[in-house]
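Please read the points below with the sequence and the 3D structure open. They are set out by topic and are meant for checking against the coordinates.

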Amino acid sequence: KESPTMLVESDMYGNAENEAKDFKAAKTLSKISRNANIIQTHFPRAVPDDMLIDHVTKIIDRHGFNPASAINLVATCRDEICRPFTQKLDGVWGSSTNIASLAGLCFCGRTGFKTAMSCAPIVGGIERCVIWAAPHIGLDLEGAAGRVHRPGRAAASTSCSAMLAFHDELKRGRLQATLDPNDIELSLLRQQLARSLRFDQIPTLVELTYHAYETIVTEIRKLIAISTNPLACEFVIIGGVQVHGPDGQDFFWPGAMVKVAGGVEEDLSHEFFASIAAAANAANAAADAADAPPALQDDDDSGPSGPCPSHNQPQRRAPEPATDLSAGRAGPRPPPGNPSQDEDDAPAPALVAPRSHASPPS
């Protein structure tokens, strides 16, 4: 096959229009592949959001959380590009309650959280809910963070706008600390995110998004502690980051995955990554089996017990074993709340080829 360079050089020999189209298509495919690498560089182990919903739903069902026994509480930004995630969630679970504000931060407070919990079914004397919590960020084809292409707009727009506004204030060194009654949610966002930031170092937008994730999960744990009876309520917290890629490709970086029962947390992340790895290995094995040539057999040497073992029969090469995703992983240690990549029982999902990554903020 001709390379894009050869296609350009061959324009002088005719077929210039078709070859220009081929070159443009090759550039587009190259950009999409590069964007997948960018997503994994900034957010290692990110998976398509529908894949996350499918695997998490199966896992937590084994722990007693399903549409008949639990309600979903969603803490994601109100931007329209975050809505498809909730729609996919509702398509599986039936309905959900929104407890979030700008950037997915949870400002509903004790009263709002109690109100949401009052909608949960009571099974065996226990109220159960699943909390899906995540800030979001756009990554465009050029690798720019905070940029996303929306339908009907020629130029790229921002995502998340509230996070970018706060980030710009940090870069300018002009942070408005007072509570603005005309911009109450952004004022609260500033206060929550600024509490644990170091002002001698300005974070990147990606680092600030990780910080927002940690802040949201911390706030949810606090609301659980001050709003509920641990003997009568059980929770699953699924925390992470929504990542918007090009052409409507949405991913979810999985961070905290915990079950809270009796006031005690149980880590579910290892079950999730094992489920992702098992699905990837099964798909690889099926692909190997489909690509393998059929077994060769000489009918003349076959008898009641099969072909003669002494016959020098050509043998097809056995398919290579499915990739063991639990070995040889390269990547950063995720931020606090995400399982360590150094543990052998937490294999990474096969989204793109393994690469070395820049470490997310700790």
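1. Helix α6. The buried residues of α6 are A162, M163, L164, F166, H167, E169 and L170; buried here means under 20% relative accessible area, exposed over 50%, and partly exposed in between, with a 1.4 Å probe and protein chains only. These buried residues pack against β8 (157-158), α7 (184-194) and α8 (205-227), where contact means heavy atoms within 4.5 Å. Helices (H or I, at least four residues) and strands (E, at least two) are DSSP runs, numbered from the N terminus.

2. Basis of the model. This is a predicted model, in which local features need pLDDT of at least 70, side-chain atom pairs count only at pLDDT 80 or more, and totals for chains, interfaces and linings use all residues. Residues are numbered from 1 along each chain as its sequence is written, and side-chain values use heavy atoms, with hydrogens and water left out.

3. Length and end of α6. The helix covers residues 161-172, and its twelve residues should span 16 Å at 1.5 Å a residue; the end C-alpha atoms are 17 Å apart, which agrees. The expected span is 1.5 Å times one less than the number of residues. After α6 comes G173, with a positive phi near 70°.

4. Overall content. The protein has nine helices and 13 strands. Of its 362 residues, 42% are buried. Among contacts with a separation of 6 or more, 71% are between residues 24 or more positions apart.

5. Partners of β5. Two strands pair if DSSP finds at least two bridges between them. Strand β2 (residues 71-76) pairs with β5 in the parallel sense over six bridges, and N72 stands opposite V130. Strand β9 (residues 233-244) also runs parallel to β5, joined by seven bridges; there G239 is the bridge partner of A133. Strand β4 (residues 122-123) pairs with β5 in the antiparallel sense over two bridges, with I122 and E127 as bridge partners. The β4 and β5 hairpin has two residues between the strands, and G124 takes a positive phi near 65°.

6. Residue S101. S101 lies in the loop between β3 (96-98) and α5 (109-117). Its relative accessible area is 9%, so S101 is buried. Neighbours within four places in sequence left aside, S101 is in contact with T76, C77, R78, F107 and E185.

7. Cavity. The structure holds one cavity of 30 Å³ or more, and the largest cavity has a volume of about 40 Å³. A cavity is a set of points, on a 1 Å grid over the protein atoms alone, where a 1.4 Å probe fits but cannot get out; lining residues have an atom within 4 Å of a point. Grid points are joined across faces, edges and corners, and the volume is the space filled by probe spheres set on the points.

8. Cavity lining. V56, I59, I60, I238, M257, L268 and F272 line the largest cavity. Helix α3 (residues 49-61) gives the largest share of this lining, three residues. By class, the lining has seven nonpolar, no polar and no charged residues; Ala, Val, Leu, Ile, Met, Phe, Trp, Tyr, Cys and Pro count as nonpolar, Asp, Glu, Lys and Arg as charged, and the others, Gly among them, as polar.

Key. 1 Å grid on protein atoms, 1.4 Å probe; cavity = no way out; pocket = protein on both sides within 12 Å on 5 of 7 lines; lining within 4 Å.
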